[in-house]
Amino acid sequence: MTERRHKVRPQIQVLGFYVAGFLCLVLAVLKLTIAGHWSWWRVLLPLSVVLGHNALYITVGFVWLFFADDGAAGEEVTIRQDDRPYRYQLAAMLCFLIFADNLLGRIEGPGETMWLWLRSGRWELIFVSGVLSVVCQLLFWSGIVLTGNRRTRGE
C-alpha cells in the first residue's frame, strides 16, 4: 500500500504582508531622509495594495462560490488543487497596484512622475486597471472552482 504525500499549505500565508511591511519601512526611511515630499499615503501604498487585493480576492471568491453553488441541486462544486491559475493572481495584483497608484495620484494632484503614462492618474487608466484586476480574479476563480460535469484542460 503506497501513501500519497501532499504538500501541506498553511492556512494563512503572511509572506505578502511581510514583504509589504518591509517595503513600507524602506519607503518610510526614504521619506524621512531624502524624499520628504512623498505623502504618507504613498509610503503605505504597498500595504494598501496587499490589503485591497486580498479584499478583492475574498469578495470575488464569495461571489463566484455563490453562483457556482447556486446551480442545479444535484451538481457538486469541485475545488482544484493546482498551481497553474496563480499567474492570474499575480496579474490581478499588478493591475491593482496600477489602480491604487493612479487613484492616489489623482487624489494627490499633478506632480512628477517616473512611470510616464502608467502613472498618469487619468480616469480611463484607473477604470481599466480596476476592471482588469477584477477580470483576473474571475479568471483565477473560474480555474479553481469547477461546477457539475464541467472539466478543465488538466483533467
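# Close-up views

**View A. Leucine 139 is partly exposed, with a relative accessible area of 36%.** The bands are buried under 20%, exposed over 50% and partly exposed in between, with a 1.4 Å probe and protein chains only. The model is predicted: local features need pLDDT of at least 70, side-chain atom pairs count only at pLDDT 80 or more, and totals for chains, interfaces and linings use all residues. Residues are numbered from 1 along each chain as its sequence is written, and side-chain values use heavy atoms, with hydrogens and water left out. Leucine 139 belongs to helix α5. Helices here are DSSP runs of H or I with at least four residues, strands are runs of E with at least two, and both are numbered from the N terminus. In sequence, leucine 139 and alanine 92 are 47 residues apart. In space, the C-alpha atoms of this pair are 9.7 Å apart.

**View B. Leucine 138 sits in helix α5.** Leucine 138 has a relative accessible area of 36%, so this residue is partly exposed. Val60 and Trp64 both touch leucine 138, with residues up to four places away in sequence not counted. A contact means heavy atoms within 4.5 Å. Glutamine 89 is 49 residues from leucine 138 along the chain. The C-alpha atoms of leucine 138 and glutamine 89 are separated by 9.8 Å.

**View C. Tyr57, Phe140 and Trp141 make up one aromatic cluster.** Four aromatic pairs turn up in a search of the whole structure. One of them joins tyrosine 57 to phenylalanine 140. Their ring centres are 5.8 Å apart, and 50 degrees separate the planes, a tilted arrangement. Tyrosine 57 comes from helix α3 (residues 45-69) and phenylalanine 140 from helix α5 (residues 123-144), so this pair ties together parts 83 residues apart in sequence. The second pair in this view is phenylalanine 140 with tryptophan 141. Its ring centres are 5.5 Å apart and its planes stand at 80 degrees, so the pair is edge-to-face. Rings of Phe, Tyr and Trp (its six-membered ring) pair if their centres lie within 6.5 Å; planes under 30 degrees apart are stacked, over 60 edge-to-face, and the rest tilted.

**View D. The members of the aromatic cluster, Tyr57, Phe140 and Trp141, are shown here by accessibility.** Tyrosine 57 has 27% relative accessibility, so this residue counts as partly exposed. Phenylalanine 140 is at 1%, so this residue counts as buried. Tryptophan 141 also counts as buried, at 11%. For the protein as a whole, 30% of its 155 residues count as buried.

**View E. Serine 129 is buried in the model, at a relative accessible area of 5%.** Serine 129 lies in helix α5. A polar atom of its side chain is 2.8 Å from the backbone oxygen of leucine 125. A polar contact is a pair of N or O atoms within 3.5 Å; within protein, one must be able to donate a hydrogen and the other to accept it, and residues adjacent in sequence count only if both atoms are side-chain atoms. Serine 129 is also in contact with Cys95, Ile98 and Phe99, leaving aside neighbours within four places in sequence.

**View F. Leucine 23 belongs to helix α1 (residues 15-33).** The relative accessibility of leucine 23 is 41%, so this residue counts as partly exposed. Valine 43 is 20 residues from leucine 23 in sequence. Between their C-alpha atoms the separation is 8.4 Å.

**View G. The overview shows five helices and two strands.** Along the sequence, the pattern reads α-α-α-β-α-α-β. Contacts between residues at least 6 apart in sequence were sorted by separation, and 70% of them join residues at least 24 apart.

**View H. Mean pLDDT for the protein is 76.** pLDDT is the predictor's confidence in each residue, from 0 to 100. A score of at least 70 is reached by 67% of the residues. Confidence is highest in α5, at a mean of 88. The lowest mean, 58, falls in strand β1 (residues 77-79). Over residues 149-155, pLDDT is below 50. This stretch has eight contacts in the model beyond near neighbours in sequence.
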